[in-house]
Amino acid sequence: MALKILATGDIHIGKKSSSVPLNDEESATKNTWEKIVNLAIKKEKADVLVLTGDIVDQDNRFFEAIGPLQDGFEKLKQSDISIYIVAGNHDYDVLPQLIDPERYDNVHLLGVNGKWEMKTFSKNGEKIQFVGWSFPSKHVSEDPLSKFDIAEIDSNITTIGLVHGDVDVPDSKYAPINSKNFSTPPVHAWILGHIHKLQMKESEPIVYYPGSPHALSAKEQGIHGPILFTIHTKEDIQIKQIPVSPIRYENLSINISDKSDEARVRDAVTSKLYDDAQSKIMDLENVSFLIYDIKLEGWHSKIRDLETWVNPIVDDYDQEIDTTEIRLSVRKILIDVQPKVENLEKLAQGSSPAGVLARTIIALQKGETTDFLDNLFEVWKSIHGSISTASTYQPLRTTERFQFEQNPESKEYILKECNRILAELIGQKTQ
Ligand SMILES: [Mn+2]
C-alpha cells in the first residue's frame, strides 16, 4: 500500500488575487484552502497534508484565518488525515497561536523557534519520518540546513524534509538555503515554501517548491495547485500537480503591423486573445478567471492613436470562453510598437530631430548609448535624485543608492517615448 501526501504552501489566507474583474468570493485564498481540504479528503484520499509555511498572510489576519483553518483541521481529523506544517516568514508568529495541539492531535507544527524537529507518521504498518524547521522571526539570514542536527533518523524509513526559504539566494533575509546542503541529511524528498511558482529538481534527493495553490498576482503565471506525492517505497515516489487555483494569469504578445485602423486593431487584439484562451481550455481545470497581460508588437504609423484604441480593453473587456463560465479579461496592455520607418539606419544618419530619435532607438535596442541618451539620463538622475532625497520620502529610503543608468524601466520608458514621438514626426511629414 502506498502512502499519499498532498503538499502545498504559501496560501496566504487573508489575501485576494489582484486584478480580478469581479469582486468575487473565489478570489479570496481562504476558499482555496477549503478546496484543498476537500481534495485531500474526497478526491485524493490523502493520508497526510503537508503545509510549507506562509499559510496565513500575516498576524493581523488572525481572526479571518482562525475559522477556515480550524474548520479544515477538524474535517481532516474526522477523516483521519494528519497535517505536518512548518511556519514561514509571514506566519512565524500567528501560526503557533492558531494551532492548539490539545484540540488537534492530528496537527504537527514542526521546528518552532528555529529548532529542527522530527516526528514519525505511521499508518497500517507503514512509516514516514518528517523533519522540519519553522521561522523563529520575520527575517533569518542563515541557512537553516547548515544547522541541521537531527541524529536519530532511521535511514530505512522514507524521510521528508519541510522548510520555508530561498534556495541559492545567498544574501536573502528569508532563510537562504544552499542547495548543496539538501543532500547532507538522509532525506529522500524536500518540500519547500516561499517561492510561489512551481519549481522542482527530481534527482536525489527530490526538491520541490509546490508554489502557491492560488495565483495571487500577474507575476504568478501558469497552473497553480498542490502536489500529490504517492510514496510506494523511499526510492519510488510518484509526483503530480493538481490544479486548483480559480485565477490564472497569462502573457500574450500580439503583432499589429499592417493593422492600420481602429477596427482592424481591435479585431486583431480580441481574436488573438480569444484564440489563445481557447487553446488553453483543456488546461483550465478549476479556473474561473483567465487574466492576460498583453504586449502589442510590430510597427505602426499612429502609436498615439493605438493607445487610445486599445487602452479601454483593460477596464471594459470581459468575455466568457465558449460556454465554460470561465471569464476572460485583460489586466494590462503594453505597447512595444516601432514607428513605421522605411529605413531606421538611414534616418539615423540625419541631424534632424527624427535622426536623433532614430539613433537613440537603435542605441537602446543594442544596449549602447549616445550623447543625447547620456544627457537624458543625467536629467532623469537629477530629477529623481531631488525627489528621492526630499524629506517627505525619508522613511522609505533604503541604504542602497538608486542606479538610474542601470534601471531597465527608465530605458524601456525612453524607448517607448522615442518610438511614439518618431512615429508622430514621420506622420506629420507625410500629411
Ligand atoms: Mn515566505
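User: In which strand is lysine 240 found?
Analyst: This is a predicted model, in which local features need pLDDT of at least 70 and side-chain atom pairs count only at pLDDT 80 or more, while totals for chains, interfaces and linings use all residues. Residues are numbered from 1 along each chain as its sequence is written. Helices (H or I, at least four residues) and strands (E, at least two) are DSSP runs numbered from the N terminus, and lysine 240 is found in strand β14.

User: Is lysine 240 buried or exposed?
Analyst: A residue is buried if 20 or more other C-beta atoms, placed from the backbone, lie within 10 Å of its own, exposed if 12 or fewer do, and partly exposed in between. Lysine 240 has 11 other C-beta atoms within 10 Å, and therefore this residue is exposed.

User: How many Å apart in space are lysine 240 and leucine 6?
Analyst: In sequence, lysine 240 and leucine 6 are 234 residues apart. In space, taken from C-alpha to C-alpha, the distance between these two residues is 9.7 Å.

User: Which are the edge strands of the open sheet of six strands?
Analyst: The six strands of this open sheet follow the order β4-β3-β2-β1-β13-β14, with mixed pairing, where two strands pair if DSSP finds at least two bridges between them. An edge strand here pairs on one side only, and the strands of that kind are β4 (107-109) and β14 (236-241).

User: Which residue in β4 stands opposite isoleucine 83?
Analyst: Strand β3 (residues 82-85) runs parallel to β4 and is joined to β4 by three bridges. Across this pairing, the residue in β4 that stands opposite isoleucine 83 is valine 107.

User: Which residue in β6 is the bridge partner of methionine 118?
Analyst: Strand β5 (residues 117-123) runs antiparallel to β6, with seven bridges joining them. The two strands form a hairpin with two residues between them, and asparagine 124 in the turn has a positive phi of about 50°. Strand β6 (residues 126-133) is mostly covered, with six of its eight residues buried. Within β6, the bridge partner of methionine 118 is valine 131.

User: Which residue in β7 stands opposite glycine 132?
Analyst: Six bridges link β6 to strand β7 (residues 158-164), and the two pair in the parallel sense. In β7, the residue that stands opposite glycine 132 is leucine 162.

User: How far apart in Å are the end C-alpha atoms of helix α4?
Analyst: The expected span of a helix is 1.5 Å times one less than its number of residues. For the 18 residues of helix α4 (residues 262-279) this gives 26 Å, which agrees with the separation of its end C-alpha atoms, 26 Å.

User: Within what arc do the buried residues of α4 fall, seen down its axis?
Analyst: In α4, Val265, Val269, Leu273 and Ala277 are buried, and they line one face of the helix because of the arc within which they fall. On the other side of α4, the exposed residues are Ala263, Asp267, Ser271, Asp275, Gln278 and Ser279. The arc is that of the directions from the helix axis to the C-beta atoms, and for the buried residues of α4 its value is 85°.

User: How many residues does the contact between the domains take from domain 2?
Analyst: The chain is divided into domain 1 (3-241) and domain 2 (247-430), with bounds that come from an automatic or database domain assignment. Their centres, taken over C-alpha atoms, are separated by 38 Å. Two residues are in contact if their C-beta atoms, placed from the backbone, lie within 7 Å. The contact takes 12 residues from domain 1, and from domain 2 the number is 14.

User: Which peptide bond to proline 205 is cis?
Analyst: Proline 205 is found in the loop between β11 (199-201) and β12 (206-209). With omega near -15°, the cis peptide bond is the one from glutamate 204 to proline 205.

User: What is the phi of lysine 45?
Analyst: Lysine 45 lies in the loop between α1 (29-43) and β2 (48-51), and this residue is exposed, with 12 other C-beta atoms within 10 Å. Phi of lysine 45 is a positive value in a residue other than glycine, near 45°.
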